[in-house]
Amino acid sequence: MSIVTVQLGQCGNQIGHELFGVVCRDVHGTQGLCSKKENESYHDACNERFFCQEESEVPVARAVLVDMEPKVISQTLSVAARSGSWKYDDRSHFCQKQGSGNNWANGYSVHGPRHKEAIMNLVQKEAEKCDRLGGFFTIMSMAGGTGSGLGAFVTQCLRDAFPTSFILNHIIWPYGTGEVIVQNYNSVLTLSHLYQSSDALLVHENDVIHKICAQLMNIKQISFRDVNQVIAHQLGSVFQPTYTAEGGSDYSRNPLGDLMETLVPHPEFKMLGLRNIPQMPENFLAYSTFSWPGLIKHLRQMLIANAKMEEGIDWQVRPPQPGSSSRSTNKPPHFNTSIANLVILRGKDTHSVDLGSFRDPSLYTSWLTPQDAFNAWRTPRAFNKYEKSAALVSNSQFLLKPLDSVVGKAWNMFASKAYVHQYTKFGIEEEDFLDSFTALEQVISSYTIL
Amino acid sequence: LTRVYLLFAVGQCGNQVGCRFWDLALREHAAVNKKGIYDEALSSFFRNVDTRSGGDGADIYKGKICSLKARALLIDMEEGVVNEILQGPLRDVFDSKQLITDVSGSGNNWAVGHKVYGCQYRESIVEKLRKAAEHCDCLQCFFIIHSMGGGTGSGLGTFVLSLLEDEFPEVYRFVTSVYPSGEDDVITSPYNSVLAMKELNEHADCVLPIENESLFDIVNKIQQMINSGKLGSTVKPKSLVTSSAGGAKAVQEKPFDAMNNIIANLLLNLTSSARFEGSLNMDLNEISMNLVPFPRLHYLVSSLTPLYTLADVNVPPRRLDQMFSDAFSRDHQLIQADPKHSLYLACALLVRGNVQVSDLRRNIERLKPSLHFISWNQEGWKTSLCSVPPVGHSHSLLALANNTCVKPTFMELKDRFMKLYKKKAHLHHYLHIEGMEQSCFSEAIASLSDLIEEYNELDATKDGPRTDPPRLKIAV
C-alpha cells in the first residue's frame, strides 16, 4: 500500500524533501547488512510506499507540494531533480503568491476554501496513481500560517474526501523562544482542529532536535537543514519497511494502519512522540559498536524519564511499585506513563533482542494489557548506515508538558486580547479561540490523569 | 510571478530617499543577478519593459533584462528634486507616467499638501496608481516614503495614504516617516507632523519612524571611526551603510545622501527575505501580523547593523554576536530612543547572509535577560533568515521593535505642538485653507494624546507583579 505525502508550507516542503532523500539514499545504500533477497524485498516495499516507478526514469515521490508563496516549492523541486536519484512529479504542486502572513485564519478561512478544489485535485491524482492507497502523511509546522492553517483545512478535506483512509499528521513544534510571535495561537488552533479530523499527530520539537544536533551530532553552526535531516532520519527509521508480525515472511504492506492500530486505541489520545537511538555523526559510525541490551536499556529509560535523547538521561526515575493501591497518586514525579508503545528494530541480530522490559505493566495505564499496549516491529536490514538502530513511537505523556506550555502562553496572550484583531479580520472569532482552548484543556486533562 | 511592491516617494525628502533606494536596489540586484535575467527577485520592485519599439512597450515577464522600470510613483509639488532625478543616471528607470509634479510647492503647510493638492491631484493620482497596479501581477504592499515636518511629504503623503486605503483596502501600507528634530528650521513642523500623525494612526498598517538626529549621529560615528584609525584593517569598500559607492550615482555626494542611504538600506533589508531565498522566509504581511498586537500600536523602531564591514573575510562568532548586541544599543536606533530601558511588545530580527538558526538562538538567549518584554509576550520574537547578504557584507541584521521607547518622540512632538498652538501661532495659514477647521487641530492632538496614553498604560504594567490569568477548568 502506498502513502501519499502532503507537504504544507515552507517547513513541510523542506522536511518532506529531506525525508524522500533519506529514504532513497537508504534504499540504494550498500550497507544493508543482509542478503540480496532481503534487500530486494526491502527495496520493493519502500518503493511501493513512497515512490512511483516509471520504466526507465528515476523514482517519482508520491507527494503533493502546497505552499502559498512560490520560492520554497521551486527550490524543493529543482534540488530534488538535481539529485539524479529521485524527483517530484512536475505537476504535483500548488502554490500562490501572497503567503499566509503567519496568520492561521488566513490559511484556514481564506486560502483553504479558495484553493480547495485545486489542491484536492492534485491529491486525488496522486491517490489514483497508487494501486492501493494506504493513507495520507501530512507534514506541517504549527507556528506559521500555511502549514498550520491551510494544513488544518486540508486535513479536514482529506477526511471528508477519504473517510476510510488513515491520516497521520507530522507536526513540527516550534522553538519555545519564538520563530513567530503568534505561534502559540497558531498552534492552539491547529492542534484543536487536527484532533477532529486526524487519526494521530506525530510530533517533532525543534528545541529537542536542536539539542540532538548540538550534543550528539556535534554540529557547531546548526542550520535548519541540519535539523531537518535529523527529523528525516527519525521519520525514516519509523516508516521504512519492517516485519510487523512474528515470523512474518513479507514486509508489512500497511504502515499507517498498523501504526494506528498499535498506538491509538482511543480517540482522545492522539499525540505521538518519537525517539531514536543511536544518533551520531556519520563519520563516527565506523568506529562505534553497539550492543542491543545497551540500546534497549537506554531507550526504555528515555521512555520512562521522558528524556529527549540518549545523553543526560535521568536514571533516578523509576516506574511506580506494583501493588500500590491507587496507581495515580503513588506515581513518582517525572515518571512518564504510557498508553501504548511501539519499538522498531533495524539491523544486525534484531530477531534475538529481548524486549521484556518494555512489557512491564507498571509502564502503562491499566486499560490495556501489556501484550496489547506494546508492539515490536523488526527487520534485519540496517537503516541509513546504522548497524543497529531502534526507534520508539510512544503514545504517552511525552508531549504533555510542551502542550501545557503552549496552551498556557497562548491563554496568557489571549487574556490581553493581543493580536486577536488579526484573526477576526479573517473570520476567526473569539468564540473559535475559546472552543480551541477548551478542546486542548480537555486533552491536557486526559493525559494528566493517566 | 511574485508579489510586488509599489513605492510612493512624496515630497522633497521622500524623493531624495527614494532616489537612493532605487540606486541601491539596482546595485543589489546586479550583484546577485550576474546573468542579466529578469527574475522573481527583480520583479518585486522593477518592471521589465520592451522599449525596442520605442515608448512604453509591453512588460516582459521572463528572459533577459531589457529595460528596468521602477514600480514607483514620484510625487512632488516642486520640480527641483524630481527633475534632478530625471536628468541623472536613474532617468531611464522612470517614465513620465510615474510622475506627479507641480511648481509652487506646499509652503511647508500640511493643509496645502493635504487639502489643496490632494483635491487637485486626486484623480491623477488614482489614475496613475491604477495604471501602475495593472502591471502588478500580485500587489502585496505599498511603501510610502515622506517626511512629517513639511507640506508636501506630510500633507500630500498622508492624503495618498488614505487614498490607498480607499482604493486598495487589502494591500498593506508601510510608511517610512522622517520626523523633524527639535531644531528643525521649519517653524510649523510640529503642526504638520501632528496633523500627519492622525492620518498615520488611522490609515497605516505599519510606520517606521526615523529621526534625522539619529541618522546624523550614525553618519558622524562612522566618519569618526574611519578617521580615528581605531579600525585595525581598512573598512571594506561599498560596505558602509551610508555609502553610495558602486551605485549609479556620481561620486559627488550631497550632504543628506549618507543619511538617506541608511533609510534606503532599511527598506532593502526589510524586503530581502521576501525577494531572496532563505531557510526561514518572512513576507511583509508577516511583519504586520507579528509586530502589531493592537491596531493603533503600529510604530516600529528600527536599527541596522553592521554599519560597515571590516575587510577581513573570516567572521568569528564573536563578531556575529557583536552585530546582535549592537542592534539593541541606543546608537544604532534610527530614532532617538533606548529600547533596552523600555517595554517590548514584540521584536523582529531580519537576518541576512551566512547566519544559521543556532546563531539566532544563541543570541536571543544571551540578550533576552537584559530586555523587558510585556507579560503576555515574554517570548515575543519573530525571526527570519535570508541567505543573500547585502552588497559588501557577509551578513547583516535589521531589528524592528514594537517598543514603548517610541513614546518620548511622540511626547516631545506634542509639547512642541502645544507651544505653538497655545499661542495660536501661524494657525491662520492653515485655517484659511478650504476644508480646514479648528477641529482638525483638536482632533489631531487628541489622536496623538490617545496614542501616548495607550503607551503609558502599557508602561505601567512594566514593573508590576506578574499574575497569569487562571486557565480554563475542565470537568473531569
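Helices (H or I, at least four residues) and strands (E, at least two) are DSSP runs, numbered from the N terminus. This is a predicted model: local features need pLDDT of at least 70, side-chain atom pairs count only at pLDDT 80 or more, and totals for chains, interfaces and linings use all residues. Residues are numbered from 1 along each chain as its sequence is written, chains are lettered from A and ligands numbered from 1 in the order in which they are written, and side-chain values use heavy atoms, with hydrogens and water left out.

**View 1. A:Gly144 sits in a loop between a strand and a helix of chain A.** A:Gly144 counts as buried, at 13% relative accessibility. Buried means under 20% relative accessible area, exposed over 50%, and partly exposed in between (1.4 Å probe, protein chains only). Leaving aside neighbours within four places in sequence, A:Gly144 is in contact with A:Asn102 and A:Asn186. Contact means heavy atoms within 4.5 Å. A:Leu400 is 256 residues away along the chain, and the two C-alpha atoms are separated by 22 Å.

**View 2. A:Pro281 is found in the loop between strand E10 (271–277) and H10 of chain A.** A:Pro281 counts as buried, because its relative accessibility is 11%. Its contacts, leaving aside neighbours within four places in sequence, are A:Leu216, A:Met217 and A:Asn218.

**View 3. A:His204 lies in strand E9 (residues 200–205) of chain A.** At 3% relative accessibility, A:His204 counts as buried. Its side chain joins that of A:His170 in a polar contact of 2.7 Å. A polar contact is a pair of N or O atoms within 3.5 Å; within protein, one must be able to donate a hydrogen and the other to accept it, and residues adjacent in sequence count only if both atoms are side-chain atoms. Beyond neighbours within four places in sequence, A:His204 is in contact with residues including A:Trp173, A:Ile231, A:Gln234 and A:Leu274.

**View 4. A:Lys308 and A:Glu205 form a salt bridge.** The closest N and O atoms are 3.6 Å apart. A salt bridge is a side-chain nitrogen of Lys or Arg within 4 Å of a carboxyl oxygen of Asp or Glu. A:Lys308 lies in the loop between helix H10 (292–304) and strand E11 (338–347) of chain A and A:Glu205 in strand E9, so the pair ties together parts that are 103 residues apart in sequence. A:Lys308 is partly exposed at 29% relative accessibility; A:Glu205 is buried at 13%. Over all chains, the rule gives 35 salt bridges.

**View 5. B:Arg362 and B:Asp359 pair within one helix of chain B.** Their salt bridge has its closest N and O atoms 3.2 Å apart. Both residues lie in helix H11 (residues 357–367), 3 residues apart, about one turn of the helix. B:Arg362 is partly exposed, with a relative accessible area of 32%. B:Asp359 is buried at 3% relative accessibility.

**View 6. B:Arg330 and B:Asp338 meet in a salt bridge.** The N to O distance is 3.7 Å. B:Arg330 counts as exposed at 54% relative accessibility, whereas B:Asp338 counts as buried at 14%.

**View 7. A salt bridge, A:Lys409 to B:Glu379, links the two chains.** The N to O distance is 3.4 Å. Across the interface of chain A and chain B the rule finds 3 salt bridges. There are 30 residue pairs in polar contact between the chains (both at pLDDT 80 or more). H12(A) gives the largest share of the side of chain A that touches chain B, 8 residues. By class, that side has 18 nonpolar, 23 polar and 10 charged residues. Ala, Val, Leu, Ile, Met, Phe, Trp, Tyr, Cys and Pro count as nonpolar, Asp, Glu, Lys and Arg as charged, and the others, Gly among them, as polar. The contact takes 51 residues from chain A and 59 residues from chain B.

**View 8. B:Leu270 belongs to the largest nonpolar core.** Of the 314 residues in this core, B:Phe8 and B:Leu270 touch the most other members. A nonpolar core is a set of buried Ala, Val, Leu, Ile, Met, Phe, Trp, Tyr and Cys residues joined through side-chain atoms within 4.5 Å. Leaving aside neighbours within four places in sequence, B:Leu270 has contacts including B:Phe143, B:Phe174, B:Ile287 and B:Leu398.
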